[in-house]
Amino acid sequence: MSTIDLLATRAVKATPPALSKAVRGLSDKTIAWIFIAPTIILLLAINIFPLVWTIYLSFTNYAANRPNRPVMNVGLKWYRDILGSPEVWAAMQATAHFVFWTILFQTLIGFGLAYLIDRKFKGHAFWTTIILIPMMLSPAVVGNFWKFLYQPQIGLFNYVISFFTGIEPSSFEMLGSVMLAPWAIVIVDTWMWTPYVMLICLAGLRSIPGYIYEAAEVDRASNWRQFWSITLPMALPFIMLAVLFRGIENFKMFDMVVLLTGGGPGSTTELASITLKRQAFEAYRTGYSSAFAIILFVAVFGLANIYVRTLNRVKQR
Amino acid sequence: MSITLSTAHSVVEPSLLAKRSAGFIVIVYALISMAPLFWIFATGWKTPPDSISYPPKIVFNPSLEGYCNLFTTRTRQTTDYINALGPPQGTCDEVTRRREMVIAGASNYAPRFVNSLIIAFGSTFLAVSLGVFSAYAFSRFKIPLADDLLFFILSTRMMPPIAVAIPIYLMYREIGLSDTALGMILLYTAVNVSLAVWLLKGFIDEIPKEYEEAAMIDGYTRLHAFFKVVLPQAATGIAATAIFCLIFAWNEFAFAVLLTSGEAQTAPPFIPTIIGEGGMDWPAVGAGTTLFLIPILVFTILLRKHLLRGITFGAVRK
Amino acid sequence: MKTFLKTATALSAAAFMFVGGQTKAQAAELTLCWAAWDPANALVELSKDFEAQSGTTMKFEFVPWPNFADRMLNEMNSGGKLCDLLIGDSQWIGGAAENANYLKLNDFFDKEGIKMSDFAPATVYAYSTWPKGTPNYWALPAMGDANGWFYRKDWFEKPELQAEYKAKYNRDLAPPKTWSELKETAEFFQNREIDGTKVYGAAIFTERASEGITMGATSALYPYGFKYEMTPGKYDMEGAVNSADAVAGLEMYKAIYKCCTPPGYTDAYMGEGLDAFKSGQVAMMMNWFAFMPGMAKDEKVGAVTGFFVNPGEKIAASTLGGQGISVVSNTDNMDGALAYIKWFAQPDVQKKWNDLGGNSAHNSVLNDPGYMNSRPFAPQFLDAMGGVQDFWQEPSYASLLQGMQKRLHDYVVADKGTAKEALDGLIADWTEVFKEEGKIQ
């Protein structure tokens with residue numbers, strides 16, 4: 001008898017008969033609501049109520065560091081300012097660049113790795129676990145020590161590149177160059193999260209039933225053909241899922257980039273969340289940043305919605 | 001009785017050459033991917049001057065300075081002062097004195113690490129518990145507007161943490177939860193519970209209703225059936241969910257840096273602020289990073305088999 | 001049931017910690033918050049006297065400079081009770097005074113006979129008063145500081161280099177007196193082989209996230225004639241911020257960044273500069289006077305380090321640093337905190353503070369005949385403090401600083417636009433902030 005069994009039985013036996021009867025008497029409906037209520041309450045308190053409050057704040061000139069100043073309604077001023085601000089659009093562009101390239105690289109490399117691991121060579125379980133390690137780190141800590149790695153004089157990265165390509169290590173700066181910094185952050189994020197995409201794709205590949213391949217073998221379809229007509233289409237929902245998760249996460253990206261580049265050089269890698277943080281928690285323009293937060297939320301929500309609908313259609317095929 | 005995945009191959013039994021080449025490429029990737037980690041691990045064992053030497057030192061004399069610096073605060077003193085002190089107490093004292101410095105006290109790393117343990121494990125436990133109850137309800141009962149509720153639950157994860165932090169910061173300030181472990185646990189639980197419900201619903205959906213129904217016909221109550229029949233079967237799913245919730249809470253930075261300070265601050269906001277006598281104390285940062293990775297590494301390795309299943313259930317259903 | 005019990009235990013444990021965390025030690029204890037740097041360590045030493053005298057246990061919370069403002073302002077705005085005493089940056093005074101985060105100290109000073117006239121006027125103005133220049137005191141001047149320069153005396157004294165420099169520039173190889181000279185000297189050392197390694201000209205501030213590049217660039221801007229307002233108090237920035245002189249100053253700073261800094265020096269502040277200098281990478285380094293005592297004692301370069309005041313150009317000017325010590329108004333140990341302030345203000349404590357490595361602002365220390373010889377950089381320090389200028393101290397200073405950080409870094413490091421465009425853009429940013437604040441219509 002398992003431990004849970006033992007404890008459950010003991011608990012049942014220990015329950016006084018009156019309570020027992022009351023509990024037994026609980027209808028399914030009551031149980032359902034008892035089970036769901038704590039979750040809903042917590043989400044209402046920590047997610048929904050604050051969201052509503054944020055919407056309210058976005059129409060005011062409230063500043064969190066001046067709680068005693070009279071709060072005035074400013075209508076849609078912040079929304080207009082933000083949508084017309086070149087700095088905000090630059091931040092959105094930097095974010096889009098980051099999201100696009102990281103997803104592209106992570107999907108290609110991640111799927112590739114999953115496919116190779118699925119060949120089930122000797123020791124693949126061990127090496128899979130090794131590959132997983134980067135994603136277990138804190139993105140903030142990763143950003144911090146990659147700053148060390150990217151330093152041209154004392155960091156490993158430039159010397160390794162120099163070793164393979166012969167370019168002088170101090171001749172280029174990943175973090176200080178306007179051209180290279182956006183790629184620097186893409187490289188670090190890809191390093192961290194490719195394992196995650198790989199895992200999802202691996203699950204997808206493993207879910208394809210063997211008999212489909214066997215049937216294809218019987219029909220004498222080439223490996224190449226099998227890949228394109230069986231493997232890829234059946235793994236596609238999983239790949240799309242990985243893209244969705246990584247897309248949402250990278251849209252929200254803050255800690256890794258802020259510790260790696262601080263948004264620099266200038267504002268080249270200042271992603272939307274970094275701009276938001278500076279407005280909200282350095283300048284304490286609470287009203288303005290609330291409006292920005294709502295805009296970001298609507299953007300992600302809208303995009304994700306469209307994407308999930310497409311994903312569902314792909315799943316149905 | 002456990003549920004088995006079909007162990008399909010993408011192509012029926014690849015050739016030995018194909019396997020070997022695949023293995024080779026994967027191993028090369030794994031090694032390249034580990035290189036930065038090796039470097040940080042090695043940096044934890046260097047002396048501060050070695051860590052910022054240029055060109056970077058691959059071969060070096062290991063030293064305990066990184067780890068000692070991580071856990072202590074030190075001040076520089078004159079040689080006379082140091083000579084006047086008694087014999088060094090312990091290795092770290094010795095190591096520090098060689099640099100003409102004296103240990104002045106403990107650093108904040110250990111308390112931050114403990115905070116991380118409490119907050120991360122606490123919130124994971126809560127999120128998974130709430131998640132499993134709610135997931136069961138969504139799975140077995142007809143909840144009105146179930147699909148919408150589920151999407152709404154998931155959409156709460158789409159806000160950038162900074163955005164969520166703005167009202168939470170104000171709210172916590174009002175009700176006194178600023179810089180408290182309880183506040184952080186509630187926040188992380190709220191963020192994680194959406195993922196937990198989604199994942200666990202997928203797992204519980206896979207468990208045939210017939211088992212509980214059979215148990216209930218045998219006289220078990222719904223509750224008893226839940227605990228005795230469903231939970232054990234969902235153990236895999238629970239483990240997978242727990243890993244994801246823990247990784248998030250353990251490594252979280254944005255909320256921690258905005259909502260905590262001296263009392264409840266966790267390790268991620270702390271590690272990037274470890275400075276030495278000039279710039280960052282890279283050996284101490286290396287040591288701190290290494291130590292911080294260990295609990296997650298252990299937890300994940302123990303439960304690695306469940307990771308794979310956890311990734312996709314609840315989202316992609318066949 | 002089991003789950004419920006576990007949950008209950010976890011929640012109660014958490015609640016217990018929440019409660020426990022709130023109850024500060026009832027025994028006399030004070031927490032002093034400051035930045036984590038050399039002077040802070042000196043203060044720990046100094047405070048041992050206070051502990052012995054008063055029986056209060058001193059606890060310290062030191063946060064590295066790049067995170068200090070963020071953390072402490074967050075702390076104050078969230079009503080945190082971490083700090084009883086805060087040695088806050090001079091720019092925080094406006095906000096802290098208006099939001100009553102700091103305790104107003106006038107009554108206390110009067111009661112205890114602490115006179116602001118005992119402290120150097122420049123420091124009182126900069127670190128204690130809000131509104132500026134009015135006799136409303138929110139802090140006691142604790143640490144006088146300005147941006148200065150370190151240089152490798154031994155390299156400057158090499159005969160072959162002296163000869164070469166003299167031949168090239170027709171003056172002696174010596175600490176530069178103007179920014180134009182600074183640039184030439186930096187160019188002279190850039191990529192030169194000295195003692196077998198390649199070295200670089202100068203390490204300057206280029207940090208993006210907190211205040212680094214602003215503090216660095218203003219060291220060039222002020223001597224060229226940059227001003228914040230044409231008329232103090234009127235917020236009329238046009239012609240002051242973007243004058244032709246200001247543009248020249250900013251261009252000079254960028255020129256030095258481009259020509260004469262070590263590789264990878266794109267996000268550097270105090271720590272990186274110190275590292276670069278100590279590891280022998282640069283001939284000159286910009287940094288705060290606060291680091292000079294420590295550098296003078298450094299095992300590698302202490303003996304060969306010289307100091308010079310920030311070069312002038314049209315006028316002599318240095319960027320003001322330094323902090324005053326304030327009492328956080330929601331402290332639980334008001335009496336203890338005030339006792340510390342009273343103790344710290346005594347002349348003999350100020351003298352010891354100075355000896356240990358702090359920069360006392362007390363007249364008795366500064367006017368002492370032995371002061372000039374007390375440390376190798378004492379003359380430079382007095383020189384600097386005579387011509388210091390500070391950034392805005394408005395309550396909205398964080399927005400103003402953010403704007404300047406972005407514009408400067410965009411221009412100097414990211415090569416966006418011209419210096420004039422950067423400064424014009426800066427005026428636009430600042431105008432917006434002041435309009436929001438109601439200071440401009």
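In chain C, helix α3 (residues 65-77) lies across strands β1, β2 and β3 (85-89), and its direction runs at about 110 degrees to that of β2(C). The model is a predicted one.

- Five strands of chain C form an open sheet in the order β2-β1-β3-β11-β4, and their pairing is mixed.
- The edge positions belong to β2 (57-63) and β4 (140-143) of chain C; each has a single partner strand, so one side of each is left without a neighbour in the sheet.
- On average, neighbouring strands of this sheet are turned by 30 degrees against each other, direction ignored.

**Strands β1 and β2 of chain C**

- Strand β1 (residues 29-35) of chain C pairs with β2(C) in the parallel sense, over seven bridges.
- Within this pairing, E29(C) has T57(C) in β2(C) as its bridge partner.

**Helix α2 on the sheet**

- Helix α2 (residues 38-54) of chain C packs on the sheet, where α2 touches β1, β2 and β4 of chain C.
- The direction of α2 makes about 170 degrees with that of β2(C).

**Where chain B meets chain C**

- In this contact, 24 residues of chain B touch 29 residues of chain C.
- On the chain B side, the elements giving two or more residues are α6 (109-140), α8 (161-175) and α9 (181-206) of chain B.
- The most is given by α6(B), with four residues.
- By class, the side of chain B that touches chain C consists of 11 nonpolar, 10 polar and three charged residues.

Note on methods
Residues numbered from 1 in each chain as written. Chains lettered and ligands numbered in written order. Predicted model: local features only at pLDDT ≥ 70, side-chain atom pairs only at ≥ 80, totals over all residues. Pairing = 2+ DSSP bridges. Axes fitted to C-alpha atoms, helices over the stretch in contact; angles between N-to-C directions. Contact = placed C-beta atoms within 7 Å. Nonpolar A, V, L, I, M, F, W, Y, C, P; charged D, E, K, R; others polar.
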